[in-house]
Amino acid sequence: MLHTTAVVQRGRGTIVVDQLCWDTEERNGRKAARYASSLLEALGAPFLSRCGVAVPCGQMAPDPGVTLFSREGGIATLAANGTIRTRIQVARTATYIVELVASGTQVEDVYPLVEVGVDGRKAGAIQLLQAGWSAYRLELELARGQHELALSFVNDACIPGVADRNLQMDKVVFYLR
């Protein structure tokens, strides 16, 4: 199979034609996003830089008793309701934008729901809206110091032989608002 990428100038804009086949496997979506952003950056596309701190979900620990948890390639997967946790250090008291990069499967058009907890209290919820990797945002007030961050998959469902709702989480990124 021949793969082609071409760049055509049109007026003040640029058209990029990419004939690479990225839609054959779900996991290729992340590769495609990296490829596309690298290509566009190399072509001079303007991007806004945001300084943030990423917490890899694959390094978070599951609560005792969580049975359907796995880690592969830095991704944390919950195939049943459960919670993963880690300690975070907050540099200063402020409002933060918390961005969860996640993917999930649906049952009856409903995707995974993730409750975000800080220090044992529910701080918010993130409803995944589509298949494939996406970044979901939540604003949190965080005080300076050490905290426990928890991510809980709370709406597992399965229709045997039809659909199984599961959650995959890549990272949580904290940005100052």
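This note comments on the fold, the core, the cysteines and some surface features of a predicted model.

1. Overall make-up. The secondary structure of the protein comes to 1 helix and 15 strands. Of its 177 residues, 36% count as buried. The accessible surface of the protein is about 10,800 Å², and carbon and sulfur atoms account for 52% of that surface.

2. Contacts along the chain. Among the contacts in the protein with a separation of 6 or more, 67% are between residues 24 or more positions apart.

3. The nonpolar core. The largest nonpolar core has 31 residues, and Cys57, Leu100, Leu151, Met169 and Phe174 are those with the most contacts inside it. At least two residues of this core come from each of several strands, including E6 (75-78), E7 (82-90), E8 (94-104), E9 (113-118), E11 (134-142), E12 (145-153) and E15 (167-176). Strand E8 supplies the largest share, 5 residues. As general background, nonpolar side chains tend to be buried together in soluble globular proteins.

4. Phenylalanine 174. Which residues does phenylalanine 174 contact, leaving aside its neighbours within four places in sequence? They are Cys51, Gly52, Val53, Val55, Ile88, Tyr96, Ile97, Val98, Leu142 and Leu149.

5. Cysteines. Is cysteine 57 buried or exposed? Cysteine 57 is buried, because its relative accessible area of 0% is under the 20% cut-off. Cysteine 158 has a relative accessibility of 48% and therefore counts as partly exposed, since that class lies between 20% and 50%. A disulfide is a covalent bond between the sulfur atoms of two cysteines. The count of disulfides in this model, taken as pairs of cysteine sulfur atoms within 2.5 Å, comes to 0.

6. A nonpolar surface patch. Val7, Val16, Leu40 and Leu43 form a nonpolar patch on the surface, and together they have about 270 Å² of accessible area. One of these residues, leucine 40, is found in helix H1 (residues 28-42). Leucine 40 counts as partly exposed because its relative accessibility is 34%.

7. Two aspartates with positive phi. Aspartate 109 is not a glycine, yet it has a positive phi of about 65°. Its place is in the loop between E8 and E9, and at 68% relative accessibility aspartate 109 counts as exposed. Aspartate 119, also not a glycine, has a positive phi of about 55°. Aspartate 119 lies in the loop between E9 and strand E10 (121-127). With 32% relative accessibility, aspartate 119 counts as partly exposed.

Note on methods
Residues numbered from 1 in each chain as written. Predicted model: local features only at pLDDT ≥ 70, side-chain atom pairs only at ≥ 80, totals over all residues. Heavy atoms only, no water. Buried < 20%, exposed > 50% of the residue type's maximum accessible area, 1.4 Å probe, protein only. Core = buried A, V, L, I, M, F, W, Y, C linked by side-chain atoms within 4.5 Å. Helix = DSSP H or I, 4+ residues; strand = E, 2+ residues; numbered from the N terminus. Contact = heavy atoms within 4.5 Å. Patch = residues over 30% accessible without salt bridge, like charges linked within 9 Å, V, L, I, M, F, W, Y side chains within 5 Å. Areas by Shrake-Rupley, 256 points an atom, 1.4 Å probe, with all protein chains shown as cover. Salt bridge = Lys/Arg side-chain N within 4 Å of Asp/Glu carboxyl O.
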